[in-house]
Amino acid sequence: MSAAAEAHHHGPPPIHYSSRISPPVLGMFLFIASEIMLFGSFFTVYFFDRVANHGVNGHWPPPGLHRPVFVAFINTLILVTSSGTIHWATTSIKRGNRAGLQAGLALTFLLGLTFLCTQVIEYHRIGFNTSDTSFAATFFGLTGLHGAHVFVGLTILLVMTIRAFRGHFSPEHHHGVELGGIYWHFVDIMWIVVYVTVYLL
Amino acid sequence: MKSPFRSERDAFWFVWLVIGYCVLIVVGYKIDHWLGLAVFVVLTGVALWFGVLRGRGERPIRQAPAPSPPDEHRILVVANETVGGPELLAEIRERAGGRTTRIHVVSPALNSPLKTWTSDEDEARQIAQERLDASLGSMRSVGLDASGEIGDGDPVQAIEDALRTFRPDELIVSTHPKGRSQWLERGVIERSRERFALPLTHVVVDLDADRS
């Protein structure tokens with residue numbers, strides 16, 4: 001903007017950015033960074049609880065509490081597969097393949113819904129509740145926080161899927177798919193970390 | 001912004017990296033708890049080291065933009081403090097010859113890393129804009145068809161950005177003499193030659209000698 005034009009310019013300064021990373025993608029990554037900090041606080045509580053109680057009882061988790069490791073493993077496979085399907089959807093729209101986009105998003109939504117339903121069923125069958133021990137509280141806290149993110153992700157996926165079937169995305173304009181995909185991968189990565197931390201270690 | 005992730009594709013491949021990272025930690029943990037901790041520490045260190053290195057590096061992309069219209073010669077000029085130097089102006093006039101020539105000047109907004117992280121780049125952009133305006137004025141005064149823009153603080157990135165909107169036949173990069181030029185210290189000329197499939201002319205402008 002020239003000096004003369006700037007003198008008559010009102011409002012915020014003109015937008016300027018480099019092509020290193022587009023502002024919407026940067027915004028999504030900053031949002032995810034804040035989410036990682038939120039998860040980090042829950043992990044801190046979990047590890048503190050584990051370190052504080054492990055030496056006293058000698059067992060982790062406390063005796064009588066069993067984690068559904070196998071079902072969670074199946075859920076992990078479901079979520080990792082959903083990362084593959086959403087990547088397929090994104091790749092498809094970049095190549096102009098609308099059918100691939102629609103199928104990829106619909107499959108991702110169904111896989112995410114399956115994950116969430118399985119987790120809800122497991123909560124009913126797990127045999128302990130939030131008030132039983134500190135482990136139970138942190139277990140439900142971490143997995144519940146992740147479940148809430150899956151729910152948000154499913155809402156985003158539903159909007160993306162509806163938009164895909166209405167033909168809103170094109171090879172040139174598909175930021176909605178790109179950003180939703182990044183969020184879904186984040187949800188997947190967080191689950192892998194939660195699964196390894198809470199169920200396997 | 002130097003981010004190791006730029007797209008959904010990058011995030012997708014990160015999912016697989018995280019899976020591999022976690023599998024190795026779990027395997028180590030199952031063998032011995034301390035081994036699991038050691039694997040975690042080593043892998044996390046490697047990941048941080050790789051992330052920092054990749055953040056500093058450039059992706060080697062050799063770009064060959066579509067040629068300009070046949071009746072017009074286009075030159076992309078990248079310069080900041082030396083943007084108004086007489087050597088640069090002379091080189092541009094020589095390159096233009098008698099042809100119809102369009103000049104596009106990119107003036108990177110040079111900002112210190114400290115200011116980048118703790119403040120904004122408004123001041124750097126304002127200084128770059130003032131230099132650019134003066135430079136464009138002097139080019140137009142000798143009859144050159146010149147336009148310009150403020151670019152990314154990294155001159156190589158600024159060239160890449162400019163190539164998306166301006167299709168030059170050649171590049172001219174202007175720097176201070178060796179020993180006083182940060183761009184030369186950072187290998188801007190070599191990196192640009194490696195990255196862009198365009199003829200590149202390096203012009204050295206000695207502002208101190210010009211003033212005396």
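A nonpolar core here is a set of buried Ala, Val, Leu, Ile, Met, Phe, Trp, Tyr and Cys residues joined through C-beta atoms within 7 Å. A residue is buried if 20 or more other C-beta atoms lie within 10 Å of its own, exposed if 12 or fewer, and partly exposed in between, with C-beta atoms placed from the backbone. What you see is a predicted model, where local features need pLDDT of at least 70, side-chain atom pairs count only at pLDDT 80 or more, and totals for chains, interfaces and linings use all residues. Residues are numbered from 1 along each chain as its sequence is written, while chains are lettered from A and ligands numbered from 1 in the order in which they are written.

First, the chains. Helices (H or I, at least four residues) and strands (E, at least two) are DSSP runs, numbered from the N terminus. Chain A has 6 helices and 0 strands. Chain B has 9 helices and 5 strands, in the order α-α-β-α-β-α-α-β-α-β-α-α-β-α. In chain A, 29% of the 201 residues are buried; for chain B the figure is 29% of 212.

Two residues are in contact if their C-beta atoms, placed from the backbone, lie within 7 Å. Among contacts with a separation of 6 or more, residues 24 or more positions apart account for 78% in chain A and for 74% in chain B.

Now the largest nonpolar core. It holds 38 residues, and A:Leu101, A:Leu105, A:Tyr183 and A:Val187 touch the most other members. Two or more residues each come from α2, α3, α4, α5 and α6 of chain A, and also from α1 of chain B. Which element gives the most to this core? That is α6(A), with 14 residues. Another core lies apart from this one, with 32 residues, including B:Val78 and B:Phe196.

Back to A:Val187: beyond its neighbours within four places in sequence, this residue contacts A:His149, A:Val150 and A:Gly153. In α5(A), both A:Val150 and A:Gly153 are buried, as are A:Phe135 and A:Leu157, among others. The helix α5(A) has 32 residues and reaches 46 Å from first C-alpha to last, close to the 46 Å expected at 1.5 Å a residue; the expected span is 1.5 Å times one less than the number of residues. After α5(A) comes A:Gly167, with a positive phi near 80 degrees.

Is A:Asp132 buried or partly exposed? It is partly exposed, because 15 other C-beta atoms lie within 10 Å. Its C-alpha is 9.7 Å from that of A:Leu65, 67 residues apart in sequence.

Compare B:Tyr21, in helix α1 of chain B. B:Tyr21 counts as buried because it has 20 C-beta neighbours inside 10 Å.

Last, a helix pair. In chain B, α6 and α8 pack at an angle of about 35 degrees, with their axes 9 Å apart. Axes are lines fitted to C-alpha atoms, for helices over the stretch in contact, and angles run from 0 to 180 degrees between N-to-C directions. From α6(B), B:Pro155, B:Val156 and B:Ile159 meet B:Val188, B:Arg191, B:Ser192 and B:Arg195 of α8(B).
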